[in-house]
Amino acid sequence: MAATADAVLAELRERVSAAHRTRQALRLKGSGTKDFYGESLAGEVLELRAHQGIVDYEPSELVITARCGTPLSQIEAALAAHGQFLAFEPPAFGADPSLGGVIAAGLSGPRRVYAGAARDFVLGARLLTANGELLRFGGQVMKNVAGFDVSRLLCGSLGILGVITEVSLKVLPRPRAEQTVRLELTAAAAVESFNRWSALGLPISGGAWWQGSAWVRLSGAPPAVRSAREGIGGEAIDAASAQAWWDALRHCQLPLFDSRLIWRLSLPGAAPPLSLPGEPLIDWGGALRWYADPAADADVRAVASAAGGTALCWRGAAPAGRFHPLPPVLARLHRRLKERFDPHGIFNPGRLLAGL
Amino acid sequence: MAEADIAAALRTFLPEDCVLSREEERRPYECDGLTVFRQLPGVVVLPRTEQQLQQVLLTCSRLKVPVVARGAGTGLSGGSTPHAQGVLLSCARLNRILEIDAHERIARLEPGVPNLRVSEAAAVHGLYYAPDPSSQVACSIGGNVAENSGGVHCLKYGLTVHNVLGVRGYTMEGEPLELGGRAPDGPGLDLLALAIGSEGLLMIVTEVTVRLIPRPPCAQLVMASFADVHSAGTAVAAVIAGGIIPAALEMMDRKATAAVEPFAHAGYDLSAAAILLIEADGTPEEVADQVREIEQVLRSAGASTLRVSGSEAERLRWWSGRKNAFPAAGRLSPDYYCMDGTIPRRHVGEVLQAIERMEARYALHCMNVFHAGDGNLHPVILFDANDHDSWERAERFGAEILELCVQLGGTITGEHGVGVEKLNSMCVQFSPAERAAFAAVKEAFDPAGLLNPGKLIPTLARCAEYGRMRVHHGALPHADLPRF
């Protein structure tokens with residue numbers, strides 16, 4: 001397996017070096033489940049799926065290291081066998097995503113604001129750069145402040161700085177107990193309650209609202225979950241139905257996601273309801289709000305900015321790009337970083353930022 | 001440019017008392033918490049407002065004068081060692097708590113706010129700021145951001161990078177910059193992750209937004225003794241493997257307990273080769289459950305004695321020994337040198353034994369305190385700074401420990417930073433291409449290279465020189481480490 005992985009990696013290095021020499025744009029592809037995500041898809045496809053396999057997993061270290069092409073399902077199965085999991089709950093869209101794609105996109109599921117985001121669990125990464133060099137940043141340890149935190153920078157970079165060939169992630173033990181409750185609340189009351197309960201220290205690991213119902217997931221030590229459940233009230237949901245609901249939310253499989261135009265707004269967690277027509281799907285205890293098919297004249301970006309957040313056009317045609325525009329000073333820093341890591345602009349051109 | 005001219009340029013817009021140029025005024029700024037590195041700064045500025053700070057940067061950028069930022073000066077790697085011809089920019093007077101939103105559970109802070117003051121201010125709401133470096137009474141939030149500081153509760157509650165939501169500040173060119181914020185996962189690259197732990201090389205932070213969390217209603221400490229360090233190490237792994245994430249998991253070896261006990265009177269078992277301090281926090285029921293589990297695991301891992309704190313006073317007394325470990329070193333020896341390597345937990349025993357062998361070789365004593373839960377070692381090497389040979393041996397001893405950490409898959413610094421202290425060790429941990437990537441990041445933020453120059457990223461020449469020296473001395477045994 002090691003020899004095979006080395007051979008695959010050697011071939012990737014060859015391909016990337018050649019592309020750098022000939023200034024051939026490359027479109028990095030794991031499982032291709034997130035082709036919809038990003039500004040544009042351009043370049044010759046560079047398949048990364050073959051570079052796969054778990055390199056190291058020692059449950060007592062709480063760290064797993066795997067190659068970029070490793071299917072997420074394989075990683076989750078390995079962790080589950082030891083009662084552990086990826087606490088950022090990466091979403092999967094349709095087929096089985098690759099670890100490289102999960103980290104390059106940097107998306108996180110319902111536990112985002114409670115357990116941390118994908119980037120919070122990245123401990124180290126290996127990067128194949130434009131000139132074919134393999135760099136290692138971070139490591140397999142919990143605390144590491146040697147050098148700039150490039151491995152976290154790669155999380156969410158959509159491959160524009162190079163090929164993430166290997167990632168080390170912090171993993172956590174699965175909570176001993178979990179209980180989901182549903183309450184009938186307005187959106188405003190739900191967001192207010194999620195924040196209030198969090199401030200009280202209740203062991204919340206999911207806070208979502210949809211169509212008049214607030215869903216609260218409690219995770220942790222059995223006594224803590226029990227007493228929180230009594231404090232919150234509401235209707236207890238059986239484990240299977242709860243799992244189905246959180247999975248559908250995590251993987252964007254609720255009916256709302258069949259809409260043609262979907263916006264994803266990231267806001268301060270306690271932001272009041274927005275002045276947008278239509279009801280949102282709320283996640284992350286209020287910090288994430290999905291809107292389907294808003295009125296044609298709604299200026300979603302302006303509304304998000306006014307509320308202290310940003311808006312991402314998840315699906316459908318956005319007026320000025322998919323991602324919320326960056327302030328000029330940040331856009332300039334992006335350009336300077338890109339020029340230095342990828343001087344000929346071969347990696348995923350235009351995917352994270354138009355023209356970059 | 002002459003220092004007097006720099007001071008004059010700064011005095012055109014800063015009040016007299018914000019610019020220190022006389023030698024006796026500059027002297028207190030010549031070092032940070034790592035006192036073996038000293039350099040008198042050219043000029044010291046202490047702006048009172050963000051606007052003044054921006055003006056300082058604009059002026060220094062125009063005059064091409066290096067700028068070194070300083071928080072409370074408690075850093076342990078010489079990260080704020082001044083530049084002889086540069087400006088030392090103290091953020092100490094930017095020390096207001098701008099906002100605490102108890103409902104959203106965030107605080108907005110100026111960089112000079114001391115770490116502990118955040119938790120004190122949030123206490124009325126039942127909230128606190130989790131990262132708790134041992135210098136938390138004094139160290140500032142701005143410095144914590146620069147160093148990505150940790151503390152004893154990182155395993156469960158994370159480092160600074162996990163608890164800071166956003167920063168505002170300025171580039172060296174004086175341009176305002178906002179990274180991250182109250183809304184999670186904004187567009188673009190995660191530049192906030194780069195800024196945190198960037199040791200003052202990328203930007204100057206003027207506002208930090210942190211996450212506050214509810215103070216757990218109850219905490220209890222388990223103290224376990226082990227007859228040898230190996231079984232203590234195994235016990236640590238067993239706790240984690242048992243699915244337990246304690247609030248803190250600390251180890252002290254016999255030399256450390258012997259050093260602190262005479263004046264901390266913590267009640268440590270001085271016959272044990274190593275003790276573990278394991279804290280459970282949460283509701284009383286949760287804590288009772290977890291303490292029971294921890295006791296079980298430790299017993300099967302061979303703990304010789306096991307005690308559980310019976311009161312808050314006892315819990316704090318047991319902690320007091322650990323928290324006073326470094327001052328205790330100061331009682332044993334004129335000077336001490338605290339290392340900060342991190343290793344995969346499973347190698348704890350091995351590393352402690354290797355350190356014991358090094359003690360003999362360098363003819364210096366070393367006591368070990370250890371954030372065992374995160375594999376972060378703090379070997380404390382005792383030496384005498386008045387004896388130059390003693391310091392040289394201490395420095396080489398420290399470097400060898402760090403090389404061993406790298407060799408075992410760890411890192412040269414877990415929470416103290418590189419600063420000037422670990423520049424040589426950076427040559428060991430990173431390849432030339434990796435160091436070039438760090439330089440590229442630096443250039444992107446600070447093309448003129450004026451912010452904290454000479455820190456964090458060693459030059460090629462320095463690494464070449466260090467490589468030659470190591471071969472020449474032949475004192476370092478890790479011949480199998482990759483060379484450059």
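This is a predicted model: local features need pLDDT of at least 70, side-chain atom pairs count only at pLDDT 80 or more; totals for chains, interfaces and linings use all residues.
**Notebook: chains A and B**

I started with chain B and looked up how far apart two of its domains sit: the C-alpha centres of domain 1 and domain 3 of chain B lie 43 Å apart. Chain B is split into domain 1 (3-90), domain 2 (97-214), domain 3 (218-326) and domain 4 (333-473), with bounds that come from an automatic or database domain assignment.

Residues are numbered from 1 along each chain as its sequence is written, while chains are lettered from A and ligands numbered from 1 in the order in which they are written.

**Helix 4 of chain B**

I checked residues 115-122, which form helix 4 of chain B, and found B:Asn115, B:Val118 and B:Ala122 buried (20 or more other C-beta atoms, placed from the backbone, within 10 Å of the residue's own). They cover an arc of only 60° around the axis, so they sit on the same side of helix 4 of chain B; the arc is that of the directions from the helix axis to the C-beta atoms. Helices here are DSSP runs of H or I with at least four residues, and strands are runs of E with at least two, numbered from the N terminus. The cover over these buried residues includes strand 5 (97-101) and helix 5 (141-147) of chain B.

**Helix 10 of chain B**

Next I looked at helix 10 (residues 254-264) of chain B, where the buried residues are B:Lys255, B:Ala256, B:Thr257, B:Ala259, B:Val260 and B:Ala264. Among the elements covering them are strand 13 (248-253) and helix 12 (312-323) of chain B. Just after this helix, B:His265 takes a positive phi of about 45°.

**Chain A**

I counted 11 helices and 17 strands in chain A. Its radius of gyration is 21 Å, close to the 21 Å that the globule rule gives for 356 residues, so chain A is as compact as a globular protein of that length. That radius is taken over C-alpha atoms, and the rule is 2.2 Å times the number of residues to the power 0.38. Buried residues make up 54% of the 356 residues in chain A.

**Where A meets B**

Last, I looked up the interface: 67 residues of chain A are in contact with 73 residues of chain B (C-beta atoms, placed from the backbone, within 7 Å). Helix 11 (residues 328-341) of chain A gives the largest share of the A side, 8 residues.

Key:
Two residues are in contact if their C-beta atoms, placed from the backbone, lie within 7 Å. A residue is buried if 20 or more other C-beta atoms lie within 10 Å of its own, exposed if 12 or fewer, and partly exposed in between; C-beta atoms are placed from the backbone.
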